[in-house]
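Please look at the sequence and the structure before reading on.

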Amino acid sequence: MFGPMFSTPEVTAATDRTAWLQAMLDFEAALAAAQASAGTVPAEAAREIARHCRAELFDADSIARRAASSATPVIALVRDLTELVGPSAAAHVHRGATSQDVVDTAAMLVVRRALETVVADLHEVARQCERLAREHRRTVMIARSLLQQALPTTFGCRCATWLTAVREATAAVERVRRERLAVQFGGAAGTLASLGADGPKVLGLLAGELGLAEPVVPWHTDRTRVGELAGALGTVAGVLGKIALDVKLHAQTEVGELAEGAPGGSSAMPHKRNPVDAVLVSAATERVPGLVSSLLSAMPQEYERAAGAWQAEWEPLTELLGLVASAASRTRHLLSDLRVDADRMAANVELTRGLVMAESAAAALTPSLGRNDAQDLVGRLCRQSVERGTTLRDELLEDPRVREVLSRDDVLGATDPSAYLGSATAFVDRALAEQEEC
């Protein structure tokens, strides 16, 4: 019922039962091929094993049921594969490997395939942030701190912040995918004792067969790779969750500055225009920290092989990939059709009748009055503005002390939101330049 909301078809296919099964079989086929290259397994036996390493030849449900009796699906898988291949190849199935070699390497293959679509979506999210930053470089809006109006900024500056965060978080995921997905091959206790002196040679050939990194040593209970992956995906989820939260806040009826191009409806209220993409991104990303915590909590593992912590990784990792994929895909869609109401942004800047320009006014008065007197004077005028229902500009223009040191044009300039953007546009340009270099 809920699966399609919290993954994508591509990542569901890359992480489902069949995908895991095929990844484990890919390990077995590659192991036989590597050993054939090393001269320790007959080439024909390796080819016979590879011919039978196809998921459709196996009963995945049966393997899953039998896994419960041994805390791993590999024993059932290897038994079935051994029965499928010819007698001459049977003795060479799974040679030198242990269950964790199969599952860990399969996990790396599953992750690599899943991250391909995730990274593609993240790059598109960055491109959409870049487009919005460029288009709205000077679209004035109010910045908010502690949910209160603060100072003028531009929507482009907000999008530039999104862009930088997405780009940096994506780079971390790409590094993990490029450098940290390694083959696992250590045998029963991480020594490859059954292969004698050929262990390191087969390890290198196996890594080449699968296109994975070759580790310095087997990493059975060194879970830094899984921890780095979890951290990178968790950071991406946090970045995407922030974008979704901003959109939800800006889409509130009382704010009305942003809207989704295809909002959702309500089962009871026909007028509703709900930000459904942002809602689902939030729902996905809010589940991610718990999964990241589960994977990090499982990092301390006993001696050379874990008794439970390793098994604890499998489902959180699979779920984590699906949730981050869903968040990336929906954020891409959300930003590609985001409706920006520049007029409403401008109207909201004026909501306080100019009080948000108090800092600017005080800065204009400080050279003549000193900082403390300028702050006190502007503070008094702000209170008068609220009491009288006037604008801060009106109060400044009518105050004799202000008019002694500031001309009318000075007051108009000091209370013009578009003239008090600081380095907002410069920061947009910096973010855009950085994106162009990527």
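Is Phe 155 buried or exposed? Phe 155 counts as buried because its relative accessibility is 0%. Buried means under 20% relative accessible area, exposed means over 50%, and partly exposed lies in between (1.4 Å probe, protein chains only).

The model is predicted: local features need pLDDT of at least 70, side-chain atom pairs count only at pLDDT 80 or more, and totals for chains, interfaces and linings use all residues. Residues are numbered from 1 along each chain as its sequence is written, and side-chain values use heavy atoms, with hydrogens and water left out.

**Aromatic rings**

The structure holds 3 aromatic pairs. One of them joins Phe 155 and Trp 162, edge-to-face, with 5.9 Å centre to centre and 90° between the planes. Rings of Phe, Tyr and Trp (its six-membered ring) pair if their centres lie within 6.5 Å; planes under 30 degrees apart count as stacked, over 60 as edge-to-face and the rest as tilted. Trp 162 is also buried, because its relative accessibility is 1%.

The charged end of Arg 287 sits over the ring of Phe 6, 4.9 Å from the ring centre. The rule is that NZ of Lys or CZ of Arg is within 6 Å of the ring centre and within 35 degrees of the ring normal.

**Two packed helices**

Two packed helices are described by the angle between their axes and the distance between the axes. Helix H12 (residues 288-297) packs against helix H13 (residues 314-336) at an angle of about 150°, and their axes are 9 Å apart. Helices (H or I, at least four residues) and strands (E, at least two) are DSSP runs, numbered from the N terminus. Axes are lines fitted to C-alpha atoms, for helices over the stretch in contact, and angles run from 0 to 180 degrees between N-to-C directions.

On the H12 side the contact includes Val 288, Leu 291 and Ser 294, and on the H13 side it includes Pro 316, Glu 319 and Leu 323. Contact means heavy atoms within 4.5 Å. The contact residues divide into 9 nonpolar, 1 polar and 1 charged. Here Ala, Val, Leu, Ile, Met, Phe, Trp, Tyr, Cys and Pro count as nonpolar, Asp, Glu, Lys and Arg as charged, and the others, Gly among them, as polar.

**Positive phi**

Most residues other than glycine have a negative phi, and most peptide bonds are trans. Leu 146, in the loop between strand E1 (140-145) and strand E2 (148-154), has a positive phi near 55°. Leu 146 is exposed, because its relative accessible area is 79%. Arg 353 has a positive phi of about 55° although it is not a glycine. Arg 353 is found in the loop between helix H14 (342-349) and helix H15 (358-369), and is partly exposed at 33% relative accessibility.

The table lists pairs of residues with their separation along the chain and between C-alpha atoms.

| Pair | Along the chain | C-alpha separation |
|---|---|---|
| Pro 87 and Ala 45 | 42 residues | 9.4 Å |
| Asp 416 and Gln 384 | 32 residues | 19 Å |
| Leu 203 and Ala 150 | 53 residues | 59 Å |

Leu 203 lies in helix H9 (residues 199-210) and is buried at 7% relative accessibility. Pro 87, in helix H6 (residues 87-90), is exposed at 81%.
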